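Dear colleague,

Here is the structure that I promised to pass on to you. Please open it first, and then read the notes below alongside it.

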Amino acid sequence: MSYIKQSVEKAVSPMSPTRKVVDLQRDTLQGLQDKQPLTMDHGVKVSDTDNWLKIIGSENDSELKKNGPSLLEDQIGREKIHRFDHERIPERVVHARGTGAHGYFRVTDNRASKYTTAPVLTDSSRTTPVFVRFSTVQGSRGSADTVRDVRGFAVKFYTEEGNWDIVGNDIPVFFIQDAMKFPDFVHAVKPEPHNDVPQGQSAHNNFWDFVGLQPESAHMVMWVMSDRGVPRSFRMMQGFGVNTFTLLNAAGERHFVKFHFIPELGVHSLLWDEALKINGQDPDFHRKDLSEAIESGAFPKWKFAIQTIPQSREHEFDFDILDATKLWPQESVPLEEIGELVLNRVVDEFFPETEQVAFCTSHVVPGIGFSDDPLLQGRNFSYFDTQISRLGINWEELPINRPICPVFSHNRDGKGRHRIVKSEVNYWPNRKNIGFPVSGEQGGYVEYAESLKGIKERARGSKFQEHFNQAQLFFNSLAPYEKSHLVSAIGFELSHCDDPVVYESYIDVLNNIDFDLAKAVAIKVNGKVPTQPGRPNDGKRSKGLSQLDFFPKEPTIASRRIAILISDGFNAVEMQAVRAALTSVKAVCYLIGPRRNHIRPMAGQDFGPGVFADHHFDSQRSTLFDAIYIPSGEEHVRTLAKNGRVVHWVREAFGHCKAIAAVGEGVDFLRDVVRLPGVDLFVSSRGQGSDEVVTSYGVVTTGKYSISSAVTDVFNIAPDTRGFASNFAFQISQHRCYERELDGLTEQVAF
């Protein structure tokens with residue numbers, strides 16, 4: 001067990017279980033002991049689970065036993081194999097790979113009461129249990145976590161009025177406007193039908209053919225090809241309801257609404273090279289990251305916000321507010337923060353919780369309703385139908401899906417029925433007056449009385465015909481390094497398309513967004529370079545589109561993973577002081593050495609058999625950490641210098657713009673062995689015993705760090721602090737030093 005895990009287990013006390021967790025305990029087998037015997041599903045104890053019942057004979061009455069045929073009558077054997085054969089249910093067509101956690105939602109500001117009567121959004125005295133499932137979209141259950149893709153962000157609120165599901169994504173818009181196109185989109189993005197390739201990515205002919213011929217997808221493509229497509233963590237991405245819903249207040253007034261989740265840790269991403277490598281090095285990276293954070297007490301947290309538009313203002317905008325390929329710019333429709341979402345409990349068993357949880361956009365509670373968003377209208381039908389296909393008609397009786405409020409209906413029977421109802425009647429009206437409907441005043445769900453007039457036809461509203469304004473707005477709002485990453489991402493994807501018709505036609509789409517963008521991509525993929533823009537770029541920008549807009553107000557390194565590279569002869573006292581400073585603000589430190597065993601400190605430092613390393617150099621990579629620290633120690637650094645893997649560790653971290661820190665001889669290692677280009681380092685001529693701190697391009701170096709240094713290092717995660725650990729923490733809190741990219745330093749390092 002690592003040092004940090006031991007410390008956390010002492011410090012973190014479990015939170016009281018929510019009502020949903022208590023509800024699940026009715027179906028949780030707990031307290032299993034060594035003396036618990038094995039039984040069959042009908043309760044009979046099992047005498048042998050290793051051998052099928054068979055005829056055992058002998059040759060010519062000899063003592064040599066011979067296997068005869070196995071017997072069909074063996075109920076123990078048949079049940080074991082039958083149950084195994086049926087362990088898998090149909091995986092989700094999309095969002096197949098995911099992970100989940102329990103938590104709670106609280107209202108922090110009741111301002112939503114002017115928009116809705118729903119207590120889940122207005123009652124600050126409530127703690128509403130939730131279950132959240134994060135997922136990728138394109139790949140199967142066996143695909144990797146860090147592929148470029150949309151991420152599902154689905155939240156089930158177990159409210160006192162019934163379950164409310166927000167079935168969202170980490171991107172606020174979608175590829176299509178009308179649900180009628182959903183099968184076409186999914187068929188296009190999934191592996192191609194002739195060879196079932198590729199898995200877990202959109203870099204192929206069919207996807208880019210579809211989006212090139214379906215320009216309504218242009219806005220969404222910009223988001224997915226941006227850094228948003230490769231999030232650093234589920235905990236560091238936004239969540240959006242995507243569709244337009246409605247809120248109904250006590251006066252009967254209706255508002256249109258969009259739902260937002262904003263992560264406390266900020267919105268951060270991987271670099272593409274990093275994501276590609278993690279796919280092979282640790283395909284479960286995001287799933288492990290979520291569990292690690294919760295189990296270490298760094299509970300993931302999001303602010304919950306709404307955007308609202310009165311029904312009277314529906315048509316005031318230059319886009320249709322019901323178009324799922326459009327967002328509502330914050331300059332026109334400000335966000336109002338009203339609550340917080342916290343995840344504080346991992347699942348007890350993956351399949352019955354995470355795999356069997358099922359969400360429906362049609363699951364709303366009184367005070368929340370639907371709009372005429374054509375994508376939402378189709379989703380309301382599709383999701384319910386999908387859950388029946390996967391889990392059976394009684395899927396809402398499964399423990400993870402059942403509400404915590406009383407449930408009663410006259411629905412009966414069907415596959416997988418759990419509930420037993422003692423009643424002589426199963427219909428309404430009935431002579432017993434059982435199972436009667438109630439009015440809205442008594443809590444019944446009542447639809448908004450909307451007046452409609454029109455012509456029945458297969459068409460879309462006139463404002464649904466414009467597809468490029470917001471794609472351009474998004475691109476204009478990105479930081480320079482974000483734009484560079486987007487160009488590289490589209491170039492990567494289109495370079496995997498071998499049909500010239502596909503990549504050449506998409507250049508035309510890009511030219512309607514931005515002329516320079518289209519030219520840059522065309523040059524990368526050998527497309528036709530445009531000579532003039534398809535339409536002018538108005539230069540407009542909007543708040544909340546660049547990830548830079550979401551940096552935490554107070555810098556934090558909570559849950560950030562820091563690799564400490566050590567070898568025999570390292571300065572353990574210094575390492576302990578730096579590690580203590582970092583873990584005091586909830587960073588997670590791992591010791592990486594030449595072996596997973598005790599590593600001997602430098603002479604004169606008594607640490608018994610040594611300090612135990614969590615991993616060895618070959619078992620982990622820099623891609624799996626947010627920062628690297630190299631302690632001092634002459635013998636230790638000589639050993640590191642002879643290890644090409646360690647040198648690659650540091651160069652790769654530098655190429656991925658991560659924070660790097662070193663002390664004493666560790667600084668010499670950076671200068672003389674790793675040879676970081678363009679970086680100012682602490683110079684030993686100032687005295688190896690000097691504690692002066694030099695920070696350059698996210699690299700923090702000093703001559704020494706001792707217990708006395710730690711005492712004077714007033715730990716404050718802020719720019720221009722004097723202490724070594726404080727400076728290092730601030731560089732980590734910035735997520736990456738993208739100036740290395742912009743100034744061309746990363747191009748000079750092979751990684």
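Contact, as the word is used in this message, means heavy atoms within 4.5 Å, and helices (H or I, at least four residues) and strands (E, at least two) are DSSP runs numbered from the N terminus. Please keep in mind that this is a predicted model, in which local features need pLDDT of at least 70 and side-chain atom pairs count only at pLDDT 80 or more, whereas totals for chains, interfaces and linings use all residues. Residues are numbered from 1 along each chain as its sequence is written, and side-chain values use heavy atoms, with hydrogens and water left out.

**Helix packing**

In α16, V578, A581 and L582 meet F724, A725, F728 and A729 of α21. By class, this contact has seven nonpolar, no polar and no charged residues, where Ala, Val, Leu, Ile, Met, Phe, Trp, Tyr, Cys and Pro count as nonpolar, Asp, Glu, Lys and Arg as charged, and the others, Gly among them, as polar. The axes of α16 (residues 572–583) and α21 (residues 724–733) come within 10 Å and cross at roughly 50 degrees; axes here are lines fitted to C-alpha atoms, for helices over the stretch in contact, and angles run from 0 to 180 degrees between N-to-C directions.

Helix α13 (residues 480–495) packs against helix α15 (residues 515–525) at an angle of about 40 degrees, with the axes 9 Å apart. By class, the contact of α13 with α15 has eight nonpolar, three polar and one charged residues.

**Salt bridges**

The structure holds 46 salt bridges, each being a side-chain nitrogen of Lys or Arg within 4 Å of a carboxyl oxygen of Asp or Glu. One of them joins D626 and R560 (3.0 Å, N to O). D626 lies in the loop between β17 (615–616) and β18 (627–630) and R560 in the loop between α15 and β13 (561–565), so this pair ties together parts that are 66 residues apart in sequence. Both D626 and R560 are buried, which stands for under 20% relative accessible area, with exposed over 50% and partly exposed in between (1.4 Å probe, protein chains only).

R600 forms another salt bridge, with E635, and their closest N and O atoms are 2.8 Å apart. R600 is partly exposed at 39% relative accessible area, and E635 is likewise partly exposed, at 32%.
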